[in-house]
Amino acid sequence: MENCIFCKIVDGKIESEKIYETASIISFLDINPKAPGHSLVIPKEHVEILTELEDELACEIFKVTKRVEEMLKESLDADAFTIGINDGKAAGQEIPHLHINVLPRFMGNGGKPIHSVVKNPPKEEVPKIAEKIRKTSISP
Ligand code: 5GP
Ligand code: ZN
């Protein structure tokens, strides 16, 4: 897609520190890392959010994310990882091309768990919310 920074990275029009690549997915280091080895995993095809990604690529992108974790564990001796997607504008997504953040975590690094990014507990009871969700037309 024209004017998309990540499409330009895919096309080689913008330089990046690529660390892994398949026919449909690439991974490269974030330009503004929040941790050593902070990596992004993206589909080569331009989609904005996860639900726009076809199932086959959803499997592939998770497979690559697993490989990238293995690479970062071996090279940087990471103790753990936070895997996250800002999946839409309201979630803080700035670049509208789907990207999975792979953040290496180290014991005592002072970071918090992923739950700390949202503080919006529901007013309704959990079973009521579950009922609402189960009524949707999405089948397994
Ligand atoms: P978002 O807020 O959209 O979820 O995150 C975008 C991420 O992409 C940020 O972590 C940002 O540092 C990274 N980023 C933005 N522009 C570039 C770039 O040109 N190259 C690379 N490698 N990362 C970028
Ligand atoms: Zn794009």
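Reply: Gladly, and we can begin with a term: a strand here is a DSSP run of type E with at least two residues, numbered from the N terminus. In this model, which is predicted, Thr-22 lies in the loop between E1 and E2.

Me: Why is Thr-22 called buried?

Reply: Buried means under 20% relative accessible area, and the value for Thr-22 is 19%, so the residue is counted as buried.

Me: What makes the pair of Thr-22 and Glu-60 a polar contact?

Reply: The cut-off for such a pair of N or O atoms is 3.5 Å, and the side chains of Thr-22 and Glu-60 make their polar contact at 3.2 Å, which is therefore within the limit. Leaving aside neighbours within four places in sequence, Thr-22 is in contact with Lys-44, Glu-60 and Val-64. Helix H2, which covers residues 55-76, lies across E1, E2, E3, E4 and E5, and runs at about 160° to E3.

Me: How do you know that E4 and E5 are paired?

Reply: Pairing needs at least two bridges, and five bridges join E4 to E5 (residues 100-105), so these strands, which run antiparallel, count as a pair. Within this pairing, Gly-84 stands opposite Asn-101 in E5.

Me: Why are E1 and E4 called edge strands?

Reply: The five strands form an open sheet in the order E1-E2-E3-E5-E4, with antiparallel pairing. E1 (18-21) and E4 (80-84) each have a single partner strand, so one side of each is left without a neighbour in the sheet. Neighbouring strands of this sheet are turned by 20° against each other on average, direction ignored.

Key
Residues are numbered from 1 along each chain as its sequence is written. Chains are lettered from A and ligands numbered from 1 in the order in which they are written. This is a predicted model: local features need pLDDT of at least 70, side-chain atom pairs count only at pLDDT 80 or more; totals for chains, interfaces and linings use all residues. Side-chain values use heavy atoms; hydrogens and water are left out. Helices (H or I, at least four residues) and strands (E, at least two) are DSSP runs, numbered from the N terminus. Axes are lines fitted to C-alpha atoms, for helices over the stretch in contact, and angles run from 0 to 180 degrees between N-to-C directions. Contact means heavy atoms within 4.5 Å. Buried means under 20% relative accessible area, exposed over 50%, partly exposed in between (1.4 Å probe, protein chains only). A polar contact is a pair of N or O atoms within 3.5 Å; within protein, one must be able to donate a hydrogen and the other to accept it, and residues adjacent in sequence count only if both atoms are side-chain atoms.
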